[in-house]
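Have the coordinates open as you read.

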Amino acid sequence: EWNATFEREVARNFVLAASYIGSKGSHLYRPINTNRIGSGLFVGRPGERLVSAASALTTINNLADSSYHGLQLRMDSLNIRNLGLQFGANYTWSHSIDNVSSLLGDGGAESVAGFPLDAFNPWLDKGSSDFDVRHRLVSHSIWKIPLAANATGLQRHVLGGWEISGILSFQTGQPFSLRDNRVPDREVGDNTRPRVTGLLPKVLGSEAIIPDARTPNTFLILPVNPVRYSDGSCIPGAKPFACQFSVNGPFDGTLGRNSFRRPGNHFQNIAFIKNFDLPGAAGREGLKLQFRAEFYDLFNHSNLYFKVDTGNISAPSFNASGGLTVPGVLASFGTPDRSPQEARQIVMALKLIF
């Protein structure tokens with residue numbers, strides 16, 4: 001790991017900083033199914049396993065590498081023009097690259113349990129990490145509203161002690177892969193991606209997504225062409241994707257790992273605070289009572305989330321108008337994978353400060 005930071009105070013209580021962060025991982029663990037159906041091809045027994053007396057054999061080796069490079073820009077102010085306002089913003093551009101992001105599937109269903117496309121050439125999986133976020137911006141603020149700076153008596157109690165704080169975050173989407181899960185000799189953990197035979201489609205923008213005709217809150221974000229007939233056989237001349245012939249290759253023209261990006265997201269969390277000086281404590285350090293009203297996802301904004309189970313190019317997942325069911329990558333608003341439904345949450349609390 002290595003890093004370098006340049007920091008400069010450009011005005012009183014106003015700081016700018018730029019950092020470069022880098023890291024490299026070598027010989028990391030990854031699982032490989034070295035006894036896949038058809039692996040006997042390498043010892044002159046096509047259609048059989050490498051070890052014929054055994055089923056799938058998962059071995060753990062150290063054929064995984066990773067790298068990370070990031071540029072971080074930061075701006076902080078502790079008190080803007082003596083207005084009681086603290087403000088900060090952090091922007092990160094980064095790129096994380098590896099050939100596996102999860103050892104045993106702990107990265108989610110899209111990680112395909114960490115198995116490589118080719119059990120004997122794991123470098124074919126080099127690409128953006130499952131968790132790679134290219135752009136991220138986070139800002140925070142605390143404003144102690146100076147309404148009662150010169151007030152006394154009841155006016156000071158009513159107007160004084162107010163604060164507003166907030167955190168806003170914006171980030172681009174993480175990558176995802178497409179799979180072909182109907183390769184004849186495929187086993188559950190095998191990573192089988194389709195072949196590329198034409199110009200790759202692009203993920204649709206938020207204004208161009210297409211609603212599913214039968215399923216509420218389901219939208220097509222990446223159109224995909226059928227690659228197999230209902231009996232599992234390959235469709236000749238399919239474009240821009242075609243089926244994978246075998247888990248043992250050939251892998252010429254196979255779609256790269258994590259070639260597409262899911263939609264980005266943003267969040268807004270705001271808190272309104274009122275501080276009360278308790279009797280006998282005014283004018284010096286003492287007891288205070290604080291009332292907080294915290295709004296998580298203040299505007300009840302729902303982000304668009306990629307549906308992991310629709311990344312299989314050989315299975316129909318999208319219901320188009322007219323009753324036609326076709327493959328396609330889908331997304332839903334406010335339903336992140338393995339997380340609760342997004343919704344505005346309001347928390348009210350009293351805090352005793354002493």
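## Asp297 and its setting

Asp297 is buried, with a relative accessible area of 8% (buried means under 20%, with a 1.4 Å probe and protein chains only). Its phi is near 60 degrees, a positive value in a residue other than glycine. Asp297 lies in the loop between β15 (288-296) and β16; strands here are DSSP E runs of at least two residues, numbered from the N terminus.

This is a predicted model, so to speak of local features takes pLDDT of at least 70 and side-chain atom pairs count only at 80 or more, while totals for chains, interfaces and linings use all residues. Residues are numbered from 1 along each chain as its sequence is written, and side-chain values use heavy atoms, with hydrogens and water left out.

## Gln268, a contact of Asp297

Asp297 is among the residues in contact with Gln268 (heavy atoms within 4.5 Å), leaving aside neighbours within four places in sequence; Phe295 and His301 are also among them. Gln268 sits in strand β14 (residues 265-277) and is buried too, at 6%.

Most residues other than glycine have a negative phi, and most peptide bonds are trans. Asn258 has a positive phi of about 55 degrees and is buried at 9%. The bond from Lys239 to Pro240 is cis, and so is the one joining Gly249 and Pro250, with omega about 5 degrees.

## The sheet

An open sheet of 4 strands runs β10-β11-β19-β16, with antiparallel pairing (a pair needs at least two DSSP bridges). β10 and β16 stand at the edges, each with a single partner strand, so one side of each lacks a neighbour in the sheet.

Conventions:
Buried means under 20% relative accessible area, exposed over 50%, partly exposed in between (1.4 Å probe, protein chains only).
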